[in-house]
Amino acid sequence: MNPVYAITDHVFTTPLDHSLPAGPTIQVVAREVVDPARAGERLPWLLFLQGGPGGKAPRPSAGSPGWLPQALKTHRVLLLDQRGTGRSTPITARTAARFDSPARLAAYLACFRADAIVADAELIRRRLCGDAPWETLGQSYGGFITLTYLSREPEGLRACYVTGGLPGLTATADDVYARTYPRVRERVLDFYARYPDDALRLRRIADLLAADDIRLPGGDRLTTRRLRTLGLALGMGDGFERIHWLLDESLDANGELTDTFLHQTETLTGFTDNPLFAVLQETLYGQGAGPTGWAASRALDGFPEFAEKADPLLLTGEMIYPWMFREIKALRPFADAADLLARRTDWPPLYDPRRLAANQVPLAAVVYHDDMYVDAGLSLRTAREVGATRTWVTNEWEHDGVTASGGRVLARLMDMAAGRA
């Protein structure tokens with residue numbers, strides 16, 4: 001059987017802190033993927049910037065991810081495990097526990113934001129492409145990285161495509177979560193409208209958790225607030241069904257929680273594979289404007305409909321709370337360092353508004369009108385503030401449209417950037 005893709009692993013050594021090139025180093029791994037029939041051709045490069053933070057690059061298989069076959073018609077694709085993920089010096093609970101102080105761990109984690117990822121990408125581009133610029137596809141957080149890339153190293157870019165990931169250039173964490181809670185509320189109510197019995201089932205589960213000490217397979221106690229974090233999945237195209245079918249098997253004939261439900265809930269809420277998602281979530285909005293200060297937790301007080309006793313019980317979304325670092329096994333080694341990151345006030349800026357306003361690199365972005373994770377209003381404001389930007393607003397897909405569309409989203413963005421649409 002002939003291979004679907006020709007894949008080559010590339011391993012790079014990069015500085016942990018790019019401002020200290022002679023200092024400690026880390027390993028960064030990226031996979032080159034090409035159509036075997038075109039492997040010998042000189043094709044333009046497309047760097048894929050995965051969502052997250054803390055998400056590793058997709059592992060390609062036949063037809064997956066959904067956008068890859070479209071990209072390989074014209075490009076050689078590079079799937080980058082961003083620093084701290086996958087095989088790129090991964091950060092896990094085990095590695096975090098090796099640090100001898102929270103301050104040292106916090107200083108280490110601060111080297112894993114978008115500015116460092118861009119510096120890694122430029123080092124890799126120069127080694128693979130020499131002086132030739134490449135194109136990028138940024139999904140979700142990958143779009144945030146793209147705007148940092150355009151702010152810092154635009155000469156390395158020929159064209160950029162962003163799917164559900166135009167950040168507010170000056171939005172603080174408080175700005176973001178003030179907008180996030182209402183969007184999550186509406187999404188949960190839409191879910192209950194589709195599956196009304198699930199609202200009753202979730203309340204029954206919450207009552208069981210309040211009345212008894214119920215443990216997940218790994219030993220963590222399952223609480224109502226951890227249960228509610230299942231709502232993170234609702235912003236994806238298949239999110240409603242994933243949660244519905246999970247709840248469908250949640251209770252046995254005796255009204256007790258099933259082993260299947262407990263196992264799947266632990267997997268969905270445990271952060272074992274991507275602790276950086278929790279650790280770095282609010283640092284995305286740190287740009288020297290004061291501490292992020294656990295913004296999602298502070299904002300929660302302003303939305304009484306999210307109280308645990310409220311009816312219906314509302315799930316939460318892409319919010320990270322301090323209690324997670326005390327109650328979730330994979331996050332406990334990060335607890336004190338996460339507090340230090342939340343108090344930090346000297347974050348360097350990630351975006352250069354003046355440079356972005358003068359941008360000349362074609363940027364084509366899709367904004368999902370009903371995106372639960374990235375605020376469409378902030379995205380459209382950014383689109384107006386960045387030069388050479390063309391924007392497509394749609395409600396045909398959810399946040400994962402670039403994959404769910406089978407390449408149609410990427411094809412349209414490429415046409416837009418090239419002036420064909």
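Tutor: Ring pairs join Tyr141, Phe144, Tyr177 and Tyr285 into a cluster. Rings of Phe, Tyr and Trp (its six-membered ring) pair if their centres lie within 6.5 Å; planes under 30 degrees apart are stacked, over 60 edge-to-face, and the rest tilted. The model is predicted, with pLDDT of at least 70 needed for local features and 80 or more for side-chain atom pairs, while totals for chains, interfaces and linings use all residues. Residues are numbered from 1 along each chain as its sequence is written, and side-chain values use heavy atoms, leaving out hydrogens and water.

Student: How many aromatic pairs does this rule give?

Tutor: The count comes to 15 aromatic pairs.

Student: Why is the pair of Phe191 and Phe240 called edge-to-face?

Tutor: The ring centres of Phe191 and Phe240 are 5.5 Å apart and the planes stand at 75 degrees, so the pair is edge-to-face.

Student: What makes Phe191 count as buried?

Tutor: Buried means under 20% relative accessible area, exposed over 50%, and partly exposed in between (1.4 Å probe, protein chains only). Phe191 has 0%, so Phe191 is buried. Phe240 has 9% and therefore also counts as buried.

Student: Why is the pair of Trp294 and Phe325 called tilted?

Tutor: Their ring centres lie 5.6 Å apart with planes at 55 degrees, so the pair is tilted.

Student: What makes Thr223 buried?

Tutor: Its relative accessible area is 17%, so Thr223 is buried.
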